[in-house]
Amino acid sequence: MAANSLFDAHHALGQCTFQIYNFITLSHGEIDRLANLIAQGIHQWSRLATQISVQSHTTAQLQQSDPQTVAIAIAHDEAVFNSRRQNTEGRRRVQSGVGSQHLQADRIAVAGKRLQQGRQAIYDLDRTGFVLRHISYCEIDCVLWNNVPSTKVNATSTTEALDHMSTASKPVLITGDFRDGIQYFGESWPGSDKLAVKPVIGTDARAITDPTDPACVFQTLLVADALRYLTLQICGSKASGHPGGYASSAEAHAALMMLGHKHIVTEAGHHAPGFYSAMFLDGSLHAMDINTVSDLRARFRERHGLLGHLSGAIPGLLAPAGPLGQGQHFAMGGALLNPGTLFPLTLGDGGLGEPYIMSAFMHFKTAFPRVTNFLPVLVWNGYSQEHHSMVSPMSNDAMIAYWKGHGFEDVILVDAKAFDDTHQDGAYVDSTCFLLSQRLAFQGAVLQEISRAGKQALGGKLTAFIIKQLKGAGVHTTGAKAHNLYPADTLDAKHIIGGLKRRALSIDAWELVRKNLSRAGGGPAGQTVATEQERVLPGLGDLPLRDFPLGENQVPATAFGALVAAVGQRDPQFIVSNADGNEASAMKNINDALKIRHPTTDPRYNQSPNGQVYEPLSEDACAGLSAAIALLGGRSLWLSYESFAINGWPIVQTVSQAMAELRRKTPSQIVMFTAGALEQGRNGWTHQRPEIESYCAAMMRNGNHYPLFPSDANMVQVAYDWALGTHNKTIAIFASKTALPVRTTLAQARTAIEDGAVALYETAPGNGPLVVMAVAGDMILLPVFMAREALEKAGVRVRIVSMANPRRLYRPDDVSWNTVNGPDDKFMDDAQFAKLFGGDALLAISGGASAPLEPVLLRSPSGRGILCWKRGETVAAAGDLMSFNGVDAPAITARARALLGL
């Protein structure tokens with residue numbers, strides 16, 4: 001049909017339908033008048049369709065359609081488009097309201113409770129899709145609007161009325177019904193009488209059996225919308241939280257769960273409300289006494305509730321998600337510990353800007369080529385938090401190539417754009433605006449392709465899945481504006497109400513969703529996933545600690561390495577990671593015993609495809625895998641230079657907090673940092689960065705973090721042995737790779753680690769003033785003992801105390817010890833503290849940062865002073881660096897004398 005003829009026909013019909021939509025905002029008492037006008041529209045449409053039917057096959061199809069349905073759809077299309085006309089400028093060409101984000105939902109709304117006859121066809125692409133395409137305002141200029149009545153329609157009131165008409169009456173629920181708290185219920189979807197009769201996951205099943213089954217697709221889409229609805233409602237309940245990013249992943253998350261995969265982690269902490277909604281619907285949150293949607297709303301973003309970002313403390317959730325770029329480590333660690341179980345990982349394209357994500361995948365694939373049972377699921381929605389994502393300009397082919405370039409054998413991408421029947425602009429579209437048939441087609445493609453991706457991943461083929469659709473799909477708005485809610489975004493706000501009503505499900509649909517998800521995976525995730533039970537580990541027995549003689553020079557790092565080798569030989573799943581290399585840190589003995597994991601076998605470099613030493617040149621990859629294994633129940637150890645540890649520390653901090661909250665025991669995450677700043681003279685300031693000690697000191701107050709500063713080769717062994725016997729803690733050991741005098745026996749070392757400190761030396765009783773030198777570290781003891789000689793010659797008595805475990809030197813009220821899993825209330829009492837640190841003056845000394853010295857400075861009543869690291873410089877030897885920083889023997893002597901007034 002020629003555009004002009006179509007224009008004329010549509011313009012004539014418009015004269016009738018404009019009368020219809022003007023009454024949409026009327027009260028319910030005037031619905032009869034609306035019905036009369038609809039009847040007029042039906043008559044007018046039938047006449048026009050007959051007149052133009054001979055002009056094209058398309059209009060012949062129109063004539064065969066239900067005229068009442070067509071009239072309703074076009075009337076509403078006109079109403080919405082006219083209400084938005086105020087936002088257009090000039091005579092620009094505009095696309096029909098069919099292409100707007102919310103029109104499909106609004107059109108469905110018109111065909112709601114009071115217009116049931118039109119509902120089925122409005123959802124049905126085959127019956128009305130061609131109407132919406134061919135009667136398109138894209139074909140004509142806005143001349144039409146110069147020829148129609150100038151009646152104004154209030155957009156807000158129209159939307160309110162349509163939403164109200166589309167929402168079913170709120171049912172009366174019995175006490176304790178999980179649906180209590182759902183604000184809006186909708187009508188059953190067309191086709192429910194055939195596709196939603198009973199749950200597609202049977203009572204004894206773990207997943208759907210056929211991802212191509214229309215009923216499975218239909219019910220998976222119900223899950224997706226249920227997740228969207230709850231995500232928006234719980235965020236709206238606190239006018240905060242992040243619904244937008246998760247909303248664009250809903251079809252993928254729903255598909256994973258319906259396929260029985262519940263070991264799902266994410267690097268996107270902002271997806272938390274969606275994950276909480278999933279755990280609520282599958283029944284996992286019963287363990288937190290969250291039984292109804294009212295409970296869910298009340299506990300969201302509250303203490304003892306559901307954190308704003310994901311926490312592994314929530315039943316059914318495997319790992320935390322705070323800073324971006326961490327989730328991949330949990331997925332890979334989980335896959336390594338649990339062969340045969342799929343660990344999907346969702347990540348956003350905003351977070352994909354973190355460079356560590358993709359490099360971590362590549363490192364892991366190189367080291368563990370047969371461990372493929374993790375599945376990255378990229379939620380590619382075009383936006384990050386406040387703007388377009390940096391990968392948004394990439395084409396689909398470029399994105400696939402990007403992933404394949406990082407080692408993935410197959411990259412499966414499902415793009416909502418390919419299913420768009422609403423002519424949305426741009427590369428990213430909102431699938432919830434499609435007609436129901438196309439929504440189901442999109443969900444079906446996601447379901448089938450995720451099923452294929454999961455099977456490939458479990459079958460040995462490294463696979464990634466990408467879902468591409470607009471950020472915020474199906475919630476209150478789209479794009480970066482959908483990312484988070486602000487104080488004005490309450491449940492009373494019209495745009496939040498509109499978003500909820502568009503996603504409202506029938507009461508029966510909610511019941512269906514609950515039954516399916518509670519059965520998927522064999523039951524609620526909070527009862528079935530691997531991390532909900534304490535992992536059984538091989539016993540280590542008594543480790544071969546070597547008691548080095550006092551005064552003998554030994555390398556602490558090498559003594560430590562011997563114990564690490566023994567642990568690895570007794571626990572085959574134990575993993576050691578080190579980006580800078582064990583040999584460079586005087587721990588070649590670890591490589592000799594456990595071998596570096598590398599696909600190339602080379603005895604010269606201790607390389608083996610089955611090695612237990614993970615050595616990619618990435619502190620993030622090393623820290624990430626080690627931390628993930630510890631959190632998920634295995635033994636691990638991250639080794640690094642003190643100078644570079646900060647590059648991997650964020651995930652250690654994240655896991656430390658998560659361990660404090662867990663309801664189960666898990667091995668403590670243990671790290672050991674060698675090559676302290678004092679050992680790196682020739683390398684200059686790039687290798688002289690002991691500030692990580694300050695980070696550790698700050699974390700001591702958390703209650704489950706312990707930085708240890710062993711004074712020699714005996715004490716470092718005891719420190720590691722003690723750490724292996726703990727759980728749910730983070731323990732950072734600082735030790736040198738330089739041969740140093742042994743100053744403690746193993747027995748003294750145990751006292752130091754258990755009690756917090758031990759005296760290494762004290763001048764014989766006398767009459768001179770007493771200066772206490774409280775020292776954190778090992779190499780720094782060299783100038784301290786030299787200063788002792790000078791002070792004693794001046795008549796000063798000296799006590800040298802090793803602050804081996806400063807966490808134990810705080811007062812109980814200084815630390816949140818009683819808020820963590822496995823609370824440790826052991827602190828040095830005042831009497832013992834006075835015995836060790838009491839004197840005429842206290843000089844706290846460190847070869848690194850001053851923060852670990854805080855506990856003794858807080859408690860000592862004596863005159864106090866600090867000598868510590870200041871900055872780096874290129875020097876020939878450690879002694880020169882000590883002098884540069886004012887921690888050599890002369891400086892220590894002078895400061896002690898000054899404190900004593902000598």
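## Helices α10 and α20

In this predicted model, helix α10 (residues 214–238) and helix α20 (residues 507–519) cross at roughly 100°, and their axes come within 9 Å. Helix α10 is therefore roughly perpendicular to α20, since angles of 65 to 115 degrees count as such.

On the α10 side, the contact is made by Gln219, Leu222, Val223, Ala226, Tyr229 and Leu230. Helix α20 contributes Ala509, Trp510, Leu512, Val513, Asn516 and Leu517. Sorted by class, the residues of this contact are ten nonpolar and two polar, with no charged residues.

## Helices α22 and α27

A second pair is formed by helix α22 (residues 556–570) and helix α27 (residues 713–724), which pack with their axes 7 Å apart and at an angle of about 35°. The crossing of α22 and α27 is right-handed.

From α22, the residues Pro556, Ala559, Phe560, Leu563, Val564 and Val567 meet Ala713, Val716, Gln717, Tyr720 and Leu724 of α27. The contact of α22 with α27 has ten nonpolar residues, one polar and no charged. An α-helix has 3.6 residues a turn, so residues three or four places apart point the same way.

## Helix α22 on its own

The 15 residues of α22 should span 21 Å at 1.5 Å a residue, and the end C-alpha atoms of α22 are 22 Å apart, which agrees.

Eleven of the 15 residues of α22 are buried, so this helix is largely enclosed by the rest of the structure. The buried residues of α22 are Pro556, Ala557, Ala559, Phe560, Gly561, Leu563, Val564, Ala565, Ala566, Val567 and Gly568.

Notes: Residues numbered from 1 in each chain as written. Predicted model: local features only at pLDDT ≥ 70, side-chain atom pairs only at ≥ 80, totals over all residues. Heavy atoms only, no water. Axes fitted to C-alpha atoms, helices over the stretch in contact; angles between N-to-C directions. Helix = DSSP H or I, 4+ residues; strand = E, 2+ residues; numbered from the N terminus. Left-handed = near helix turned anticlockwise from the far one by under 90°. Contact = heavy atoms within 4.5 Å. Nonpolar A, V, L, I, M, F, W, Y, C, P; charged D, E, K, R; others polar. Parallel < 35°, antiparallel > 145°, perpendicular 65-115°, else oblique. Expected span 1.5 Å × (residues − 1). Buried < 20%, exposed > 50% of the residue type's maximum accessible area, 1.4 Å probe, protein only.
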